[in-house]
Amino acid sequence: MSTASALSVAILMAVSACGDDAADSAAEPPAAVAGVTVAKDEALHAALPEEIRKSGVVRVATDVPYAPFEMFVAEGKPELTGLDYDLGQALGAKLGVKFAFTPQKFDGIVPAIQAGKFDAAMSAMTDNKERQAVVDFVDYSVSGSGIMVVKGNPEKITTLDDLCGKKAAVQAATNQLDLLQEHQAKCKAAGKAEIDIQTFPKDSDAQLALRSDKVIAQVQTKPAAGWTAKTADNGNAFEVVDDPAAAGGYGASPNGIAVSKKLPQLSDAIQKALQALIDDGTVTKIFDKYGVASIAVKEATKNAAVD
């Protein structure tokens with residue numbers, strides 16, 4: 001090889017190396033999440049699938065908006081925020097890669113993962129046996145139905161039993177309506193009157209009834225209740241009842257990060273990164289930011305479906 005040729009090869013190698021370094025640098029996500037600085041774990045980064053390490057990106061599908069899990073920062077703008085988005089950024093920082101979120105209609109998320117368009121999904125997705133047949137889950141929350149009351153809880157509501165004989169609002173054709181209807185038998189067994197269930201077309205209508213004292217409580221998903229209580233009138237309008245017997249909510253089921261079955265190393269690395277973020281308190285701070293600290297898991301599990 002001539003001196004000129006050798007020099008050309010050296011230059012090409014140097015340029016290539018610079019390009020790789022630039023790609024790796026670009027893959028590093030922001031490390032500040034919910035006021036916490038998340039440091040890269042070199043061992044977890046090394047445990048990622050080779051293709052993820054090389055690209056520096058985990059392609060994540062999400063269905064936006066679904067508060068408080070995924071939302072747009074501003075209407076008409078593409079920037080995302082929300083519990084899932086923040087948790088994704090923290091996981092990415094811990095793993096030393098970027099969790100790149102792309103909006104996708106919910107019913108198309110799992111097929112898109114199967115087709116290889118995405119590596120994972122973070123979209124408040126319930127971990128169930130049917131979905132486990134085609135994706136793996138790393139479970140990060142457990143959520144069900146919750147009770148929201150006006151600030152100060154003047155009726156001293158603590159459990160579903162306290163709704164017996166009283167007016168409670170709920171959106172029509174929801175799991176929460178089923179929950180209240182099923183509870184009627186317990187009211188009768190306790191010698192109490194049935195819950196006076198008031199149904200509304202939308203959650204916002206039920207919320208208005210609660211504001212105007214037409215009902216003493218509203219039953220909705222616990223994450224939605226927590227977010228509403230956190231944000232309505234700067235947190236001064238409502239509060240969520242935390243029943244110690246149902247911390248994640250009534251009829252709670254696990255929500256998980258769906259991961260392609262073709263990437264078992266990725267699901268393992270995400271599980272370990274999530275556990276590290278649980279252990280150091282980062283997860284609690286992220287969930288508390290959205291008013292839903294009670295639905296966070298204490299242990300990062302895989303495929304923990306209850307159905």
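In this predicted model, Glu50 has a relative accessible area of 46%, so it counts as partly exposed. Its salt-bridge partner is Lys54, and the closest N and O atoms of the two side chains are 3.1 Å apart. Both residues belong to helix 3, which covers residues 50-55. They sit four residues apart there, about one turn of the helix. Lys54 has a relative accessible area of 61% and is therefore exposed. The general idea behind such a pair is simple: side chains of opposite charge can pair when their charged atoms come close.

How accessible are the two partners, Asp119 and Arg59? Asp119 has a relative accessible area of 6%, which means that it is buried. Arg59, at 35% relative accessibility, counts as partly exposed.

The other example links Glu194 with Lys188, whose closest N and O atoms are 3.2 Å apart. Glu194 is partly exposed, having a relative accessible area of 37%. Lys188 reaches 55% and is exposed.

Attention now turns to a covalent link. A disulfide is a covalent bond between the sulfur atoms of two cysteines. The structure holds one disulfide, and Cys164 and Cys187 are the residues that form it, with 2.0 Å from S to S. Cys164 lies in the loop between strand 8 (135-150) and strand 9 (167-171), whereas Cys187 lies in helix 7 (residues 175-189), so the pair ties together parts that are 23 residues apart in sequence. The torsion about the S-S bond is about -80 degrees, and the disulfide is therefore left-handed. Are these cysteines buried or exposed? Cys164 counts as buried at 10% relative accessibility, and Cys187 is buried too, with a relative accessible area of 0%.

The loop between strand 8 and strand 9 also contains Asn153. With a relative accessible area of 11%, Asn153 is buried. Which residues does Asn153 contact, once its neighbours within four places in sequence are left aside? The answer is Glu239 and Val241.

Conventions
Residues are numbered from 1 along each chain as its sequence is written. This is a predicted model: local features need pLDDT of at least 70, side-chain atom pairs count only at pLDDT 80 or more; totals for chains, interfaces and linings use all residues. Side-chain values use heavy atoms; hydrogens and water are left out. A disulfide is a pair of cysteine sulfur atoms within 2.5 Å. Helices (H or I, at least four residues) and strands (E, at least two) are DSSP runs, numbered from the N terminus. Buried means under 20% relative accessible area, exposed over 50%, partly exposed in between (1.4 Å probe, protein chains only). Contact means heavy atoms within 4.5 Å. A salt bridge is a side-chain nitrogen of Lys or Arg within 4 Å of a carboxyl oxygen of Asp or Glu.
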